[in-house]
Amino acid sequence: MKKFSTSLFILLFAAVCSGYAQGVEWGLKAGLQMTQFMGSDFEGVLATSSSRIPEKISSKGGSTFGYTLGGYVRSTENVFLQGELLVSIKGAQLERLSTSTKTSVQYGQLDIPFSIGYKHNQFEISGGPLLSLQLFENGTLKEFLSQYSNTPLSFSPYKSYAFGYHAGIGANFNKLGVNLRYLASIQPVSDMYISYTTAGSDPQLRESLFQQNFGSLQLAISYRLSK
């Protein structure tokens, strides 16, 4: 599935280049973004807890700042097609509701947005599908979830890819462009069950679902390298 998805987006890039061979521009793109998890709270028991009382952990603890860097190819018509390859640093904050303690997590993805848009004079609006491929993580989420699991995690809690969407507005000034958009996954970037054992005279093994999508608000600047 991952190979098929990557191939599909490569073909879309090729379509932009070949279908508009006489009117194509390309350049670099970089920006800042605020990202957070979007999912339900999950329940677990700290492995070091003597009471074995389940507690709730919220994925809505807050947003974290990150950045994105890459390049783009687009047609030059008023109704345009655009493809991008962006290395994006994303993150989120998890909060223990019992203590209000927050833990920041960070991960990196290769974002491949494909856009159809309309521009009038220097202003434009665009949107389309998004493919995010997992690149790396800092290990914080794995360590955090391991605290609530009967056995420490031996694998990455992140999925290898996720489909999503994006939409935004922008303005172009000669070779420079400014773009503000929202990106989100419609598939989870993390999807797993956490097993824990309850306290009492009749301990029970329970599972809690940790399933998170991401949402990101991104402000980026592009620089056109083509003439």
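Predicted model: local features only at pLDDT ≥ 70, side-chain atom pairs only at ≥ 80, totals over all residues.
Ser59 lies in strand β3, which spans residues 55-62. Its relative accessibility is 1%, and Ser59 is therefore classed as buried, the cut-off being under 20%. Two polar partners were identified for the side chain of Ser59. One is the backbone oxygen of Gly39, reached at 3.1 Å. The other is the side chain of Gln212, with which the Ser59 side chain makes a polar contact at 3.0 Å. When neighbours within four places in sequence are set aside, the residues in contact with Ser59 are Phe37, Gly39, Ser40, Asp41, Gln93, Leu94 and Gln212.

Rolling a probe the size of a water molecule over the atoms shows where empty space is left. The largest pocket holds about 310 Å³ of space. It is lined by 24 residues, of which Arg74, Glu124, Asn172, Gly177 and Ser222 are the closest to its centre. Two or more lining residues are supplied by each of the strands β1 (24-39), β4 (64-75), β7 (123-137), β8 (161-173), β9 (176-185) and β11 (205-224). Strand β9 provides the largest share of the lining, with 5 residues. Sorted by class, the lining of this pocket consists of 10 polar, 8 charged and 6 nonpolar residues.

Technical notes:
Residues numbered from 1 in each chain as written. Heavy atoms only, no water. Helix = DSSP H or I, 4+ residues; strand = E, 2+ residues; numbered from the N terminus. Buried < 20%, exposed > 50% of the residue type's maximum accessible area, 1.4 Å probe, protein only. Polar contact = N/O pair within 3.5 Å; in protein donor to acceptor, adjacent residues only side chain to side chain. Contact = heavy atoms within 4.5 Å. 1 Å grid on protein atoms, 1.4 Å probe; cavity = no way out; pocket = protein on both sides within 12 Å on 5 of 7 lines; lining within 4 Å. Points joined across faces, edges and corners; volume = space filled by probe spheres on them. Nonpolar A, V, L, I, M, F, W, Y, C, P; charged D, E, K, R; others polar.
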